[in-house]
Amino acid sequence: MTTAPLRHLIDPVAFAREQLDFEPDPWQVDVLLSPANRLLLNCSRQAGKSTTTAIVALHTALFRPGSLVLLVSPSLRQSSELFKKVTGFLDALDDRPRLTEDNKLSFALENGSRVVSLPGTEATIRGFSAPDLVIEDEAARVPDALYYSIRPMLAVSSGRLILMSTPFGKRGHFFEAWTEGGDDWQRIKIPAPRCPRITPEFLEQERRAIGDWWFEQEYMCEFRQATDSVFRYDDVMGAVSEDVSPLFAPPTTRTAAGLDDDVIPLFDEATE
């Protein structure tokens, strides 16, 4: 991209319009221009979140030489679909850069940047370090263990983390980040009525066809009570109070291991 205008480096929206022939919706402009290092996209199905983040991924790879971009989803098939959107935009460039690596799961550019698609298993993530950007697709369905293994990778690189999803019950790291993540996250919510490509007539048909529980989550971006929960989330949280002391003190390392402080252990703790 040596011939790309300098404005494309600092303006991903101009890059999308002029290089990719893509006209973003207003909310997609907000995402493309967002400086947030932690970004939550709570979007309706078919709102365009994958397309938007694919542009973010390609822009990062092109204009940050030597960057590592990881695309993570609950399954390899889903990660591959997001990866195809990135490569589709790459192929649309008039001045397409030469690839030094090109396969179904990753590519590398001459500037040293790599984009890698990964399935949603914790073991596949641990081989990577210091990514500049991690995009987690369908985050509400990604196992928490995978998410917790991603975060330490960003410690050295101070890399960017984008979680995007439709809700799937009041549980998991996506729900917790949305409701309890505080100012660490920028939150963008796009229910279906904000998407100009989804008609009111279609939405009314969907509400009748799939029922309120699915409709409110899939199209209106509302976190609904998980169907397999014994107790309602709001009831559990309403029963928690900081004014009430716990019946039992949190266990120490010794008591958690079954040791009493008055009992001399049969082994030297220094050799554990």
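Which helices each supply at least two residues of the lining of the largest pocket?

What we have here is a predicted model, where local features need pLDDT of at least 70 and side-chain atom pairs count only at pLDDT 80 or more, while totals for chains, interfaces and linings use all residues. Residues are numbered from 1 along each chain as its sequence is written, and side-chain values use heavy atoms, with hydrogens and water left out.

Okay, the overall picture. The protein has twelve helices and eight strands; helices (H or I, at least four residues) and strands (E, at least two) are DSSP runs, numbered from the N terminus. Of its 272 residues, 47% are buried, and buried means under 20% relative accessible area with a 1.4 Å probe, protein chains only.

Now back to my question. The answer is α4 and α5 (76-92), and α5 gives the most, with five residues. The largest pocket holds about 440 Å³ of space. A pocket, on a 1 Å grid over the protein atoms alone, is an open set of points where a 1.4 Å probe fits, with protein on both sides within 12 Å along at least five of seven lines, and lining residues have an atom within 4 Å of a point. Volume is the space filled by probe spheres set on the points, which are joined across faces, edges and corners. There are 18 lining residues, and R45, Q46, K49, S50 and E138 are the closest to the centre. By class, the lining has two nonpolar, seven polar and nine charged residues. For those classes, Ala, Val, Leu, Ile, Met, Phe, Trp, Tyr, Cys and Pro count as nonpolar, Asp, Glu, Lys and Arg as charged, and the others, Gly among them, as polar.

On to the second largest pocket, at about 320 Å³. Its lining has 20 residues, with V56, H59, T60, R64 and R160 nearest the centre. Two or more residues each come from α1 (6-10), α3 (26-33) and α4, and α4 gives the most, with four.

Axes are lines fitted to C-alpha atoms, for helices over the stretch in contact, and angles run from 0 to 180 degrees between N-to-C directions. From α2, P12, F15 and A16 meet I55, L58, H59, L62 and F63 in α4. That contact has seven nonpolar residues, one polar and no charged.

Helix α2 also packs on α3, at about 120° with the axes 8 Å apart, so these two are oblique to each other. The meeting residues are P12, V13, A16 and R17 in α2 and V29, L32 and L33 in α3.

Last stop: W185, in the loop between α9 (172-180) and β8 (186-190). Is W185 buried or exposed? It counts as buried, because its relative accessibility is 9%. Leaving aside neighbours within four places in sequence, W185 is in contact (heavy atoms within 4.5 Å) with R38, L39, L40, Y147, R151, L161, L163 and A177. W185 and A36 are 149 residues apart in sequence, but 7.4 Å apart in space, C-alpha to C-alpha.

Terms used. Buried < 20%, exposed > 50% of the residue type's maximum accessible area, 1.4 Å probe, protein only. Parallel < 35°, antiparallel > 145°, perpendicular 65-115°, else oblique.
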